[in-house]
Amino acid sequence: MYYFDNSATTKIDKEVLDEMMPYLTEKFGNASTIYSLGIESRTAILNGREKVAKALGCSSKEIYFTSSGTESDNWALKGVAFANKDKGKHIITTAIEHHAILHTCEYLEKQGFEITYLPVKENGIIDIEVLKKEIREDTILISIMTANNEIGSIQPIAEIGKIAKEKGIYFHTDAVQAVGNMNIDVNESNIDLLSFSGHKINGPKGIGVLYIREGVNIDNLLHGGGQERRKRASTENVASIVGIGKAVEIATKNIGKKSEYLINLREKCIKGILDKIPDTIVNGDREKRLPGNVNVCFKYIEGESLLLHLDKLGICASSGSACTSGELNPSHVLLAIGLPHEIAHGSLRISIGKNNTEEEIDYILSVLPDIVQKLRDMSPLYIKNK
Amino acid sequence: MENYSEKVMDHFMNPRNVGEIKDANGIGEVGNPRCGDIMKMYIKVKNNKIEDVKFLTFGCGAAVATSSMITELIKGKTLEEALDISNRQVAEALNGLPPVKMHCSNLAEQAVKAAIEDYKKKNEK
């Protein structure tokens, strides 16, 4: 199998699984109990929290474990919105956020909040001047993703953080794709809230993190027991906390070397595609881009067809075509960067991870041109334009 | 997302009757590039029978498979028989389609109807 969908999820590292195993088996104690078995679990959570805090450059008491990146995003937005609604009801985000943000914003609109969706430039990056103009007296929160999951574009989060701080507005960033792929320091970038998840960094699924800067006014999302310093009720998922701690430790160690490795593979892949397949567009910024992200559109063909052919050859990849999401429109991200519908339908995302090799890139490059040509040869759009 | 049947995958991977018919006497094109699928159906009619049929399709796996299947279903049939074939029959012949893909079989049926209409219009006189 050739796995090129590392932005969707990643394979868990053996080292991570090994550290988790005792907490899935004999060390099963509830961390809220006073006996030794419970203390072991508490200690494990403490260690996990410290590892995450170290990776983000914050204090461990600012780290809260959740069930996913989606929950972290929901908590950040709803929690800040409801706790600060007397200050204002305006939130700024972007048109290219993950649905965990966009659909939460739609919900907040129904609750009476006003949301501004910043457009992005053709390269998938916001215009800082536009952000400045959209800030109002009643703006309480800016939520802008660090890096985009589809086209890999990286936003100027340090600049955004500076502006937010000057204006006294909370700044949340969805860093699900960014953590482990680029250096992030919540203090340097003036980030007040940050979301990420375990399974994107070769850790387990079902675990996420919300970093909340000390002093941020935020309501709870989950109510119940007193876990997570009374901010997030639910019996702690000890094994996964251990897992995300280990995964983030591995992912942030040697981040420079790892990203250099991924960038090499990415550039080889993009160059190879452009050399071999005419009528191809590269989506997203060529420089300010996640190290492992390749996203291209092949004109005249449709993405799902492409994925089915790739799957037959054992290649896992993804597309922003409507047919792969069960929706009528192609990806909102591809439309936001200005692609016409018919071109957006022909997108292919190859997200490279640390387990991929140069030989695997060679393989995909060796089979992709024939598949694209086969589909083009049966496409009325291609025949018309030929 | 629901899986495709083996039959759908067979028709997708090895589509029957792909291409154009240069001397087609009926051509139907339906769909919209905005929605991600276009089907173009070419028919060669002789003595009220569909002697040959070919298609070109821009679209997903189901769009290709339904195009391919409907060409098999109408080849050699009279125009009346071909007009009788419903999208449900196309889907059944493929051992079913995921619910979200049913519109693809609709498109295949429409493409055939458009091609026959085009033939009839050209041969009215």
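The legends below accompany several close-up views of a predicted model.

**Figure 1**
Chain B contains five helices and three strands. Along the sequence these elements follow the pattern α-β-β-β-α-α-α-α. The C-alpha atoms fill a box of roughly 50 × 30 × 20 Å along the principal axes. For 125 residues, a compact globule would have a radius of gyration near 14 Å, and chain B agrees because its own value is 14 Å. Of the 125 residues in chain B, 42% are buried. Among the contacts in chain B with a separation of 6 or more, 61% join residues 24 or more positions apart.

**Figure 2. The open sheet of chain B.**
Three strands form this sheet in the order 1-2-3, and their pairing is antiparallel. Strand 1 (26-32) and strand 3 (49-58) of chain B stand at the edges; each has a single partner strand, so one side of each is left without a neighbour in the sheet. From one strand to the next, the twist averages 15°. Strands of a sheet pair through backbone hydrogen bonds, in either a parallel or an antiparallel manner. Strand 2 of chain B has eight of its ten residues buried, so the rest of the structure largely encloses it.

**Figure 3. The hairpin of strand 1 and strand 2 of chain B.**
Strand 1 of chain B runs antiparallel to strand 2 of chain B, and seven bridges join the two. Within this pairing, G28(B) stands opposite M41(B) in strand 2 of chain B. Four residues lie between the strands of the hairpin, and G36(B) takes a positive phi near 90° there.

**Figure 4. The hairpin of strand 2 and strand 3 of chain B.**
Strand 2 (residues 37-46) and strand 3 of chain B run antiparallel and are joined by nine bridges. Two facing positions can be located in this view. K46(B) stands opposite K49(B) in strand 3 of chain B, and I43(B) has V53(B) of strand 3 as its bridge partner. The hairpin has two residues between the strands, and in it N47(B) takes a positive phi near 50°.

**Figure 5. Helices lying across the sheet of chain B.**
Helix 2 (residues 61-74) of chain B lies across strand 2 and strand 3 of chain B. Its direction is at about 175° to that of strand 3 of chain B. Helix 5 (residues 102-122) of chain B lies across strand 1 and strand 2 of chain B. Helix 5 of chain B runs at about 145° to strand 1 of chain B.

**Figure 6. The contact of chain B with chain A.**
Chain B gives 21 residues to the contact, and chain A gives 21 residues. On the side of chain B that touches chain A, two or more residues come from each of helix 1 (6-13), strand 2, strand 3 and helix 2 of chain B. Strand 3 of chain B gives the most to this side, with three residues. The residues on this side of chain B comprise 13 nonpolar, four polar and four charged.

**Figure 7. Strand 12 of chain A and its partner strand 10.**
Strand 12 (residues 347-351) of chain A is mostly covered, with five of its five residues buried. In a regular strand the side chains alternate between the two faces of the sheet. From strand 12 of chain A, S347(A), R349(A) and S351(A) point one way, while L348(A) and I350(A) point the other way. Strand 10 (residues 293-298) of chain A pairs with strand 12 of chain A in the antiparallel sense, over five bridges. N295(A) stands opposite R349(A) in strand 12 of chain A.

**Figure 8. The buried and exposed residues of helix 1 of chain A.**
In helix 1 (residues 14-24) of chain A, the residues V16(A), E19(A), M20(A) and Y23(A) are buried. These residues lie on the same side of helix 1 of chain A, because they cover an arc of only 95° around the axis. The cover over the buried residues of helix 1 of chain A includes helix 2 (36-56) and helix 8 (238-252) of chain A. On the face of helix 1 of chain A turned away from its buried side are the exposed residues K14(A) and D18(A).

Key. Residues numbered from 1 in each chain as written. Chains lettered and ligands numbered in written order. Predicted model: local features only at pLDDT ≥ 70, side-chain atom pairs only at ≥ 80, totals over all residues. Rg over C-alpha atoms; globule rule 2.2 N^0.38 Å. Buried ≥ 20, exposed ≤ 12 C-beta atoms within 10 Å, placed from the backbone. Contact = placed C-beta atoms within 7 Å. Pairing = 2+ DSSP bridges. Axes fitted to C-alpha atoms, helices over the stretch in contact; angles between N-to-C directions. Nonpolar A, V, L, I, M, F, W, Y, C, P; charged D, E, K, R; others polar. Arc of directions from axis to C-beta.
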